Amino acid sequence: MSRRIVIEPVTRLEGHAKITVQLDDAGQVRSARFHVTEFRGFEKICEGRPFHEMPGLMSRICGICPVSHVLASSKAGDMLLGVEIPPAATKQRRLVNYAQVLQSHALSFFHLSSPDLLLGMDSPPEKRNIFGLMEQDREFLRSGIRLRQFGQQIIELVGGKRIHPGWSGPGGVHERFTTRQRDEIVKWIPESIESIGIALDRLKSVLDSFREEVAHMGNFPSLFLATVNEEGGLEYYDGVIRITDGSGNTIAEALDPHRFYTYLGEASESYSFMKFPFYQPFGYPQGHYRVGPLARLNVAKFAGTYHADREMREFKQRGEGAVCQSFHFHLARLIEMLHCTERIEELMEDPELFEEAIQAKASLNRREGVGSCEAPRGTLFHRYWVDKDGLMTKADLLIATAQNNQAMNLSVEQTARRFLDAEPDQGMLNRLEAAIRCYDPCLSCSTHALGRMPLVVDVTGPAGEPVRQIRRET
Amino acid sequence: MRTFVMSIGNELRSDDGVAHAIAAQLEVHSCALFQLTPEVAAEVAGYDAVVFIDADVEVENVTLEQVSVAASGSPLTHSTGPSEVVELAKILYGFDGLAFVCRVPANDFKPGQRLGPRALGHMREAAKKLRLLLHDLDRFVVEESGPLANARNGTTRLDSDL
C-alpha cells in the first residue's frame, strides 16, 4: 500500500512550510515536494499607496532581510524619479547591504545549520539546535553571535534600527555617514575576519564526513543567476545579470536587471503559494535556476577582495566548471561573509562615503520603476507602476527564495530517494529538512502573488474517499 | 544595580506594540526589539538585571515574574524567548543577574498603530508594577534580603510580593 510521509513544520528556517514524500506500494519514493503554506500578499497591500512610502512598507516583508527590500524599493523609486543618486548615498546603501548579508548569513550558518554540520545529521533532535551546539563548542557559538551582532550594529548605526530600518528612500539616503559611525564599525573588523576564517576551517574540516549528503542532497546541474560588476566580479548592489549553466558555460551576459521580466518568467504549481521563476528562453521547468551564495560564487569570475578571492579560487575547485552541490551553499555563505567584511573595511577608508550630498531631489518623472540588488538569499527585483500622482497601481516582486523554489523541490526529491526508506528515522527526516536549509529560504519574503495562485480543493466523503476536485489554474 | 529593559513587539501590529509604549514611560535604559534573537544574550550579559516586556494573548492580567531558565531551544524559527536568551547569556557570557518578564494582556494584532482596549486598559498597571520592581532593583545593591533576594534564589514569585 502506498504511504505518505509529511514533515510539518519544516524547522530552522524562516516561515512556514511542509515537505511531503509519496511512497509507492514497494516503499520506494514516488515523489517529494516542498510546500510553502503561508501567504503574505504584499504586492496587493501596496496598491494605492504613494511610491515614496514603499521602502518603509516593503521592509516589513521580512525581519531578517528588510534591508534588501528597502534597497530594491529605493532603487525602483530612484528610477521613478529619474535620478542618479549621489556617490555617498550609493556607498551608504552598499555598506548596509554588506552588513545585512553578513548578519543574515551568520544567522543561517551558526544558528540554524551548524547544529546539523557540527553535531551531525543523526544527533538527537532535542539536541540539534543552538543549545546542543552550546554544550559542545561555546566559543564557536559566541563567535557566530558576535558576527551577527556586527552586521546588526552597522544596520542600527546607519539605518537607525536593526530591524526595518527606514534610512533609505527614492533619491538617496536620509542621514550623512559620520566618523563616529566609522570608529564604531572599524573596531569589529579584525575579530570578524578571524572568526569567519576559523568557521571556514571548521566547516572544511567536517565536509569529508558529509560526502553522501554533498553528493545526494541537491546535486544536479542547473542554471545559476546573479548580479556581477562590469568586470564579472562579485556584486551586491548594482551591476548586470549573468547566467551560467551547470558546466560553467555562459548562457547570458550583461542582461539589464531593469528588464528582468523580459527574460525571467513565473510559473505556478497547485501545491505551493510560492512562484516558480524560470529563464524564459529555456521554458518551464527546464529553465529553472539557482540564486544566492552558491550561484553568486559560480557566476562571478572573482571576488575582488584578498581573503575572499583566495577562498573563492579553492571553492571553484569543488566543481567542474560549476559547483552544483547545494550543500556547498554553506561554504559559499561563509566566503561571502568574508568578502562583505572586507568590503566594509574598504568603505570605511573611502572619503566619498562621508560626503555631504546624499539626496537627489526630483518629482515623479516615470510611471514605471524597477529596482534590484543581491539579497542574502539571491537576486531580488521590485517592479512598480504608479499613476500620475505617484500612487502605486501595481507591484511585482520577484524574491530570491522563490527563484530557488524548483531547486528546493529537486533537492528534497533527490534527498528522499537517496536517504529515505519505508520506516524513516529522525536522521533521515532531518536530511530532508537540511536539504531545504542549504538554501536558507525566507518564506515570509516570497509569497505575495495574490490572485495568481492556482488552487486545488479536494472534496472528500465521510470516510475520506475522494468525491470531487475543484481546480483553479492560473 | 544596572538594569536593562527590553520591550518586545511590532509597533505596527496594534496591541503588539504595548511593550514599547510601557517602556517609554519608565525612566530606565531600554531597548525596543521586534523579536528576541540569540545575539540579545550578549547585550543582557552586560547588566545586573534585565526585564523583558511583551504582549501576551494567554494572560488575563498583567504578570511579572522571574524568567524560568529552561533550555528548551525551540528549533522552529529564527526567534527565541526570554528563557532561551537568559540561558544563553548565563552559559555563553556568564550572566549572573536577575531576569524578569512582564506579560501584558493583548488580543488585537491587526495592522495599525493604535492599542486596543485590552492592552490599553492594562498599561497603567504594568507600568506601576515595573516601577516598583525597578525601584526594588535599585535598592537591591544594598539590601540583599527580602523578596528580591528570594527571587535570586528562585523561591519567590514576584507577582505576589510586589
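Student: How far apart are the end C-alpha atoms of helix H4 (residues 87-119) of chain A?
Tutor: The model is a predicted one, and its helices (H or I, at least four residues) and strands (E, at least two) are DSSP runs numbered from the N terminus. The expected span of a helix is 1.5 Å times one less than its number of residues, so the 33 residues of H4(A) should span 48 Å.

Student: How are residues numbered along each chain?
Tutor: Chains are lettered from A and ligands numbered from 1 in the order in which they are written, while residues are numbered along each chain as its sequence is written, from 1. Local features need pLDDT of at least 70, side-chain atom pairs count only at pLDDT 80 or more, and totals for chains, interfaces and linings use all residues, with side-chain values based on heavy atoms and with hydrogens and water left out. The numbering of residues therefore starts from 1.

Student: Over which residues of chain A is the pLDDT below 50, with 61 contacts beyond near neighbours in sequence?
Tutor: pLDDT is the predictor's confidence in each residue, from 0 to 100; its mean for chain A is 88, and 88% of the residues of that chain reach 70 or more. A stretch of chain A with pLDDT below 50 has 61 contacts in the model beyond near neighbours in sequence, a contact being heavy atoms within 4.5 Å. That stretch is residues 446-462.

Student: At which residue does H4(A) bend by about 65°?
Tutor: H4(A) is mostly covered, with 31 of its 33 residues buried; buried means under 20% relative accessible area, exposed over 50%, and partly exposed in between (1.4 Å probe, protein chains only). Just after this helix, A:Gly120 takes a positive phi of about 105°. The bend is the angle between axes fitted to the seven residues ending at a residue and the seven starting there. A proline, A:Pro115, follows the bend within four residues, and the bend itself is at A:Ser113.

Student: Which residue of S5(B) is the bridge partner of B:Glu65?
Tutor: S4(B) and strand S5 (residues 98-105) of chain B run antiparallel and are joined by 4 bridges. Within S5(B), the partner of B:Glu65 is B:Val101.

Student: What separation do the C-alpha atoms of B:Pro111 and B:Glu11 have?
Tutor: B:Pro111 is in the loop between S5 and helix H4 (117-140) of chain B, and at a relative accessible area of 62% it is exposed. Beyond its neighbours within four places in sequence, B:Pro111 is in contact with B:Leu12, B:Arg13 and B:Ser14. Although B:Pro111 and B:Glu11 are 100 residues apart along the chain, their C-alpha atoms are separated by 9.1 Å.

Student: Is B:Ser14 buried or exposed?
Tutor: B:Ser14 is in the loop between S1 and H1 of chain B, and its phi is positive, about 45°, although it is not a glycine. Its relative accessibility is 4%, so B:Ser14 counts as buried.

Student: Is A:Ala254 buried or exposed?
Tutor: A:Ala254 is a residue other than glycine with a positive phi, near 55°, and its place is in strand S8 (residues 250-255) of chain A. Its relative accessible area is 54%, so A:Ala254 is exposed.

Student: Which residue of S13(A) is the bridge partner of A:Cys373?
Tutor: An open sheet in chain A has 3 strands in the order S12-S13-S14, with antiparallel pairing. S12(A) and strand S13 (residues 378-386) of chain A pair over 8 bridges. In S13(A), the partner of A:Cys373 is A:Leu380.

How values were computed. Two strands pair if DSSP finds at least two bridges between them.
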